[in-house]
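This briefing is written for a reader new to the structure. Please have the sequence and the 3D view at hand while going through the points.

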Amino acid sequence: MTLGFIRPETVYEAMEFLSEHKDNSRIVAGATDVMVQMRSAKSTGHAEEKPLWMVDITNIPGLSYVNFENGIVRIGAMTTHRDIARSAVIRDVVPFLADACRSVGSPQIRTRGTIGGNIVNASPAADSLPPLTALSARLRLISRKGPRDVALEEFFKGPYRTIIEPDEILEEVYFEAPESSSGCAFLKLGRRESLAIARLSVAVLLDVDESGKISKAAIAPGACLPMPARITSAEEALIGEIPNEEAVHSASLEVGEEMVRVSGVRWSTEYKKPVVCALTKRAIWKALGVDED
Amino acid sequence: MKKVKAEQKKLISFTVNGDDVKVEISADTRLIDVLRNKLNLTGTKEGCGIGECGACTVLMDGKPVNSCLVPAFQVEGSVIETVEGLDKSGELHPLQEAFVEHTAIQCGYCTPGMLMSALALLRENPKPTREEIARAISGNLCRCTGYHQIIAAIEDASAKIRLSE
């Protein structure tokens with residue numbers, strides 16, 4: 001296989017090249033997934049005959065930022081997990097996204113890996129996706145045909161598959177900042193603390209109104225569904241309730257049920273079902289400001 | 001407008017441990033290949049090759065990266081630091097000295113990467129807690145020491161560096 005690279009300096013140059021080489025281009029940013037995938041393609045001999053062009057977008061300025069204006073948080077696709085985890089805006093407005101990005105891989109991976117890459121790679125275990133899903137984030141995709149905006153939940157077709165066109169670039173992910181009265185939590189379970197892909201994770205975003213009742217709820221588990229989704233049945237179990245053990249318990253059961261409904265019964269279900277319930281419970285209480293431990 | 005061209009090979013320039021270097025690379029060359037095979041800087045070790053062990057950790061523009069996951073074409077113009085840059089004219093860096101004193105080295109394979117992660121930490125945070133140290137080296141696996149000696153060495157080195165400044 002012939003392998004080449006191009007380092008465009010503007011988004012326009014990148015879009016131009018991508019539109020000319022639709023079928024055999026691959027966008028590279030932090031490269032933490034691409035390098036591993038290329039290596040395994042080589043070793044399994046599944047490399048294609050065609051030349052493959054790596055379109056390196058790290059030379060394009062202006063794709064790495066966190067902006068907070070008019071109630072909307074915008075994160076440039078090239079923003080690294082390290083920068084998001086350290087961003088004062090993210091830590092203040094959506095701390096569970098900071099926690100999720102801080103749990104990615106290792107310091108070395110977070111230095112290089114980008115939120116755009118995490119989204120487009122579309123791993124079911126991607127750490128940034130549960131909080132972004134709970135936030136009902138939207139994506140801006142750009143190409144020579146112009147920009148288009150899609151809801152994050154409509155972006156995924158399945159594990160590692162999305163609706164992005166080969167000539168499109170993810171420019172940014174954005175979402176409405178939650179009310180200041182809301183609480184959020186992201187919990188992740190891996191085989192060890194660091195350098196571990198999530199076996200299970202869950203993001204919870206809740207708002208409690210003046211009467212003390214839960215008025216808004218978003219619950220998005222990770223690593224147990226083919227693609228990110230909110231569990232509306234679990235959210236409904238909480239809405240209108242003054243936080244209580246029973247409601248939290250039934251919401252957590254809904255997450256377990258939904259996991260089995262969507263992903264089927266697997267060898268790991270006996271373990272994963274009670275554990276995802278327990279993780280959800282803890283995350284709900286944490287989002288409510290109650291530390292169970 | 002000039003049009004950027006796709007390339008298969010390129011002569012790239014960057015600095016390694018303060019020296020300017022020029023190296024010819026291909027599209028599939030990784031930073032670790034450049035360091036070990038082109039520049040003969042074999043202090044940087046390759047462990048897993050997929051970013052899961054941290055043995056190949058070097059600093060790129062001051063931040064720790066897995067050199068097995070960095071495509072060489074992205075290294076153009078950057079500042080790379082490897083374990084070979086730690087000692088100055090034969091004098092070990094305080095981190096290296098502390099690793100020796102605390103027996104923080106057993107088989108030694110993780111040590112170069114461990115030292116680079118520790119160096120990045122101490123530059124940013126000269127007085128880290130043990131927890132901060134553990135977090136800074138969380139991307140570096142060691143299968144011999146159990147980490148305690150390494151953490152103690154980094155703690156000790158941080159104190160010595162602060163005293164000498």
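How many residues of domain 1 of chain A are in contact with domain 2 of chain A? There are 22 of them, and they meet 25 residues of domain 2 of chain A. The model is a predicted one.

**Domains of chain A**

- In chain A, domain 1 covers residues 1-177 and domain 2 covers residues 183-287.
- Between the C-alpha centres of domain 1 of chain A and domain 2 of chain A there are 26 Å.
- On the side of domain 1 of chain A that touches domain 2 of chain A, at least two residues each come from α5 (95-102), α8 (129-134), α9 (152-155) and β8 (156-158) of chain A.
- The most is given by α8(A), which provides 5 residues of that side.
- Sorted by class, the residues of that side of domain 1 of chain A are 14 nonpolar, 5 polar and 3 charged.

**Contact between chains A and B**

- Chain A brings 28 residues to the contact and chain B brings 26 residues.
- Strand β4 (residues 63-66) of chain B supplies the largest share of the chain B side, with 4 residues.
- The chain B side that touches chain A is made up of 11 nonpolar, 10 polar and 5 charged residues.

**Nonpolar core**

- The largest nonpolar core has 134 residues, and those touching the most other members are Val55(A), Ala203(A), Val204(A), Leu205(A), Ile219(A) and Ala118(B).
- Helix α3 (residues 111-124) of chain B contributes the most to this core, namely 8 residues.
- Leaving aside residues up to four places away in sequence, Val204(A) touches Ala134(A), Cys184(A), Ala185(A), Ile219(A), Ala283(A), Ile284(A) and Ala287(A).

**Strand β3 of chain A**

- Strand β3 (residues 52-56) of chain A is largely enclosed by the rest of the structure, because 5 of its 5 residues are buried.
- In a regular strand, side chains alternate between the two faces of the sheet.
- One side of β3(A) carries Leu52(A), Met54(A) and Asp56(A), the other carries Trp53(A) and Val55(A), and both faces are covered.
- β3(A) pairs in the parallel sense with strand β1 (residues 3-6) of chain A, over 4 bridges, and Leu52(A) in β3(A) has Leu3(A) opposite.
- β3(A) also pairs in the parallel sense with strand β2 (residues 25-28) of chain A, over 4 bridges, where Arg26(A) has Met54(A) as its bridge partner.

**Helix α1 of chain B**

- The buried residues in helix α1 (residues 31-38) of chain B include Leu31(B), Ile32(B), Val34(B) and Leu35(B).
- These residues span an arc of only 165° around the axis, so they sit on the same side of α1(B).
- An α-helix has 3.6 residues a turn, so residues three or four places apart point the same way.
- β2 (19-26) of chain B is among what covers the buried residues of α1(B).

**Cys224 of chain A**

- Cys224(A) lies in the loop between β13 (214-222) and α10 (232-238) of chain A.
- Cys224(A) counts as buried because 27 other C-beta atoms are within 10 Å, the cut-off being 20 or more.
- Not counting residues up to four places away in sequence, Cys224(A) touches Leu200(A), Met259(A), Ser263(A), Lys272(A) and Val276(A).
- Arg148(A) is 76 residues from Cys224(A) along the chain, and their C-alpha atoms are 29 Å apart.

Methods:
Residues are numbered from 1 along each chain as its sequence is written. Chains are lettered from A and ligands numbered from 1 in the order in which they are written. This is a predicted model: local features need pLDDT of at least 70, side-chain atom pairs count only at pLDDT 80 or more; totals for chains, interfaces and linings use all residues. A nonpolar core is a set of buried Ala, Val, Leu, Ile, Met, Phe, Trp, Tyr and Cys residues joined through C-beta atoms within 7 Å. A residue is buried if 20 or more other C-beta atoms lie within 10 Å of its own, exposed if 12 or fewer, and partly exposed in between; C-beta atoms are placed from the backbone. Two residues are in contact if their C-beta atoms, placed from the backbone, lie within 7 Å. Ala, Val, Leu, Ile, Met, Phe, Trp, Tyr, Cys and Pro count as nonpolar, Asp, Glu, Lys and Arg as charged, and the others, Gly among them, as polar. Two strands pair if DSSP finds at least two bridges between them. The arc is that of the directions from the helix axis to the C-beta atoms. Domain bounds come from an automatic or database domain assignment.
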